[in-house]
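Look at the model below before reading on.

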Amino acid sequence: MEKIRERLDALRPEIVAMVKDMHDHPELGHQEFHAMELQAALLEKYGFTVEKGVADVKTAYIAKYKGAKDGPKIGYLAEYDALPGLGHACGHNMISGVACGAAIALKDAVDQYGGEVWVVGAPAEETDGGKVYLVKAGCYDPLDAALMAHPAECWGTSGNMYAIEPLQFEFFGKSAHAAAFPEDGINALDGVLQLFTAVNALREHLRDSVRIHGIVKHGGEAANIVPEYACAQFYARAESTNYLREVVEKVKRCGEGAAACTGTTVKITNFENPYDNMMSNDTMSDRATSYLYAMGVPKGMKRVDSSGSSDVGSVSQKCPTIHSWFCATDGDDSIKVHTPDFPPCTISEAGTEAMMIQTAALVKTGEDLLSDPEFLAAATAEYERKLKEV
Ligand SMILES: [Zn+2]
Ligand SMILES: [Zn+2]
């Protein structure tokens, strides 16, 4: 651990400069060219081969450093999109700092034990979930493990997140004067209303943990015109992608039934990318957490399980994955992400110190994965077991 801390201390000025540059030049999802170039330049300087625009996503990149011998492939995941009007209020500049710092510091272990270290940079976590495009293109398939860390108002260990499927139901009917010729009309809004009724009836027969929440996106133009078009959007979420598939089929049948009984037609699509559930890898997370405690992070870190969803969930179905949380606010838990108070924390002394400690823990965990086949096998076995859970 001492050696890793020294390596990271030497790297610290360059990491801090990069995180600060991203803070000063925040970019929204899919426009993060500057952030990608900064990371690519730093990684190339340290001998990584960088491919930009992977999976046909302009601001996605993969950086690789290969050892002389074959061995496990360890990936650190970078995010770097900012929020409209708020800059880096989710601290994704720090996520890049952790990923690039960890990858560079893991090179020594790659030289010693063999294998590869990658940084996989994906854009637009806040909007359409850039990692999903990379998942579809198979970018994470070669990895044996993926690790990342997100800043927050407190320390937290990697937890599970829900799978999500965004469903849009468009109903098509026929307009008519609602008072003079109602018998000529087919009311698309009735399709939407029946859909909500059917989904509400369905809830009784789903697991308690399922979340289905929706809105009417379009309900008609005027009260005296039978709506010829209506649209509803729903998010369906469940603890596992496997169970969510069953739920989504039932929700879709609600839409089809609503169309049948109202005489409308329905078109059902995904209006955003679906994410798989985050299967947090406890084997890797416990190891990383033990290193955090060894470096003085107060014991009793809470596990951050969430009924929310993130695109890292889809990565976690491709290889053992952790998503840890570190305190960027100097212990002030009143400062939350997605508020104007957060961006200054990402370049603060206390935030930086926490980022470097978190980075060291992820490097040491990566080193263990490269050097200890039993540890890697345990992480892999847990991943394979969880993949089958419904
Ligand atoms: Zn966010
Ligand atoms: Zn975030």
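This is a predicted model: local features need pLDDT of at least 70, side-chain atom pairs count only at pLDDT 80 or more; totals for chains, interfaces and linings use all residues.

Asp56 sits in the loop between S1 and S2. Residues are numbered from 1 along each chain as its sequence is written, while chains are lettered from A and ligands numbered from 1 in the order in which they are written.

Most residues other than glycine have a negative phi. Asp56 has a positive phi, near 60°. Ala55 is not a glycine either, and its phi is positive at about 55°. Ala55 lies in the loop between strand S1 (49-52) and strand S2 (61-66).

Are these residues buried or exposed? The test counts other C-beta atoms, placed from the backbone, within 10 Å of the residue's own: 20 or more means buried, 12 or fewer exposed, and anything in between partly exposed.

| Residue | C-beta neighbours within 10 Å | Class |
|---|---|---|
| Ala55 | 17 | partly exposed |
| Leu189 | 22 | buried |

**Leu189 and its contacts**

Leu189 belongs to helix H5 (residues 188-203). Two residues are in contact if their C-beta atoms, placed from the backbone, lie within 7 Å. Setting aside neighbours within four places in sequence, Leu189 contacts Gly219, Gly220, Pro227 and Ala230. Its C-alpha atom is 10 Å from that of Ala258, a residue 69 positions apart along the chain.

**Helix H7**

Helix H7 covers residues 282-294. The expected span of a helix is 1.5 Å times one less than its number of residues. For the 13 residues of H7 that gives 18 Å, and the end C-alpha atoms are 18 Å apart, so the two agree. The buried residues of H7 include Met284, Arg287, Tyr291 and Leu292. What do the buried residues of H7 pack against? Their partners include strand S5 (145-152), strand S12 (321-327) and helix H10 (349-371). Just after H7, Gly296 takes a positive phi of about 100°.

**The core**

In soluble globular proteins, nonpolar side chains tend to be buried together. A nonpolar core is a set of buried Ala, Val, Leu, Ile, Met, Phe, Trp, Tyr and Cys residues joined through C-beta atoms within 7 Å. The largest one has 117 residues, and Cys100 is among those that touch the most other members. Helix H3 (residues 92-113) gives the most to this core, with 12 residues. Beyond its neighbours within four places in sequence, Cys100 has contacts that include Ile15, Leu42 and Val119.

**The whole chain**

The chain holds 11 helices and 12 strands. Its C-alpha atoms fill a box of roughly 80 × 45 × 40 Å, taken along the principal axes. Of its 390 residues, 52% count as buried. Of the contacts with a separation of 6 or more, 79% join residues 24 or more positions apart.

An automatic or database assignment sets the domain bounds. Domain 1 is 2-161 + 277-387, and domain 2 is 163-270. Their C-alpha centres lie 39 Å apart. Five residues of domain 1 are in contact with seven residues of domain 2.

Technical notes
Helices (H or I, at least four residues) and strands (E, at least two) are DSSP runs, numbered from the N terminus.
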